[in-house]
Amino acid sequence: MKKVYIETYGCQMNEYDSELVKSILRSENYEFTHSESEADIIFLNTCAIRENAHSKIYGRLGEIKHLKQKKKKLVVGLLGCMSQNLRGNLDRSENIVDIFAGPDSYKRLPGMIQAVQASGKKEYDFSLSEFEDYSDVYPQRVPGVNAWLAVMRGCDNFCTFCVVPYTRGRERSRTIESVVTETERLAADGFKQVTLLGQNVNSYRSAGADFADLMVAVASVDGIERVRFTSPHPKDFPEKFLHVMAEHPNICNHIHLPLQAGNNRVLDLMARTYTKESFLDLVDNVRTTVPGVALTTDVIVGFPTETDEEFEDTMEVLEQVEFDSAYIFKYSERKNTIAYKKHPDDVTPAKKTERIVRVFALQKQKSLKRNREDIGKRLQVLIEGPSKKNPDEWMGRTDSNKIVVLAKRDFDKGDMVLAEITGATANTLFGHEIEN
Ligand code: 5AD
Ligand code: SF4
């Protein structure tokens, strides 16, 4: 019996993919361990989105090298986006990686492990598929409250800064039937919440059905108390979908709406297909149709050629929209992307830092303001487990995906608790349970 240790980096899709990998290996009788020193096989499921994602993995490979020196037969595999992106050409070839596999190659892993063990030679598989959706694999999830469920894979948007279309290939969607069947199984397995995943989730299409149809079908499964989705693109929010959100109480009132930049010239260079004005119109429309919806976003500062003045447009949109929270990044040049080929990374690191510091400060103020608006409200909180800071307190989330910390009473993981919100920071709400 061989023991496998898997470490996952990057987005929720990667978390999900690691669960697929576990399921595929388990059906071939592999066992899993939480201790890398006990493992016969170490897999790192990697990310390529920014250079620091690569750097982290190089650092880990340096550490794993020592394990491999002690245990010559240890098999090391690099899975996922960084593997696909570099296609085996690691900068600093630590020469310890035996298996390189991209996101569409996971069914081949058992065969690749056997081949390495038999021959000692390296194995590579970077084939990207237009069809592989793993709908025939039921991921091996850790029992809990939320289950990730990939409904589509790949991305056809080709935003000029982004490596994902190259690492995950073309868009493909699962059938509604396969998603609903899996959701029913999740409900039977005790999951209360399902988060539908896709690199571009709202471009889901299958046999004439769109994302709104899929959400209705999933929200109708008995036992699933909350349905979430991530990550969408602002280009695909038809009225029909917003009405579906408004009408289904178990579809959560939260939309992640990645802005990236607020200036029209920069948005055009990014190939985002919307303008500052059309983005602001969309926000108005979303807020009118789905009252009380929480909005979060992603922002990139220092895209090539972005001037100080153009950056102010991003600040202006953040000031105007008042997102509930935001992920903010410095532009990181990714090889082979359109931006890499056309526009040198010419905004200095100091400028990027100056801009990111300003966005952080503004957004912190806005997140705090938004969170404070919840003080005094009574909100349903789905309990996820003990709070990180204090095991005597519990942590859960509101419908709008805000974290709530509350005193431990007579409730458990997976319970829906009515809580009164009594305090807020920019990141967290505080409250206590009240009788229903
Ligand atoms: N540099 C910086 N941030 C990036 N993102 C994607 N590609 C890059 C890049 N090259 C950010 C975007 C995206 C989020 C997942 O990561 O904001 O929405
Ligand atoms: Fe990283 Fe993007 Fe790949 Fe997710 S899809 S692992 S964020 S590069």
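**View 1. Helix α1 crosses helix α4 in this predicted model**. Axes here are lines fitted to C-alpha atoms, for helices over the stretch in contact, and angles run from 0 to 180 degrees between N-to-C directions. Helices (H or I, at least four residues) and strands (E, at least two) are DSSP runs, numbered from the N terminus. On the α1 side you will find Val-21, Ile-24 and Leu-25, which meet Leu-109, Pro-110 and Ile-113 of α4; contact means heavy atoms within 4.5 Å. Sorted by class, this contact has 6 nonpolar, no polar and no charged residues. Nonpolar covers Ala, Val, Leu, Ile, Met, Phe, Trp, Tyr, Cys and Pro, charged covers Asp, Glu, Lys and Arg, and the others, Gly among them, are polar.

**View 2. Ligand 1 and the residues around it**. The shell includes Ile-49, Gln-260, Tyr-331 and Arg-334, a residue being counted if one of its heavy atoms lies within 4 Å of the ligand. By class, the shell has 5 nonpolar, 2 polar and 4 charged residues. Taken alone, ligand 1 exposes 400 Å², of which the protein buries 86% (Shrake-Rupley method, 1.4 Å probe). Strands β15 (294–301) and β16 (325–330) are the elements giving two or more residues to this shell.

**View 3. An open sheet of 3 strands**. The order is β14-β15-β16, with parallel pairing; two strands pair if DSSP finds at least two bridges between them. β14 (254–256) and β16 stand at the edges with a single partner strand each, so one side of each has no neighbour in the sheet. Neighbouring strands are turned by 10° against each other on average, direction ignored. β15 and β16 pair over 6 bridges, and Val-299 has Ile-328 in β16 as its bridge partner.

**View 4. Helix α13 lies across β15 and β16**. This helix (residues 349–372) runs at about 175° to β16.

**Reading the views.** Residues are numbered from 1 along each chain as its sequence is written, while chains are lettered from A and ligands numbered from 1 in the order written. Local features need pLDDT of at least 70 and side-chain atom pairs pLDDT 80 or more, whereas totals for chains, interfaces and linings use all residues; side-chain values use heavy atoms, leaving out hydrogens and water.
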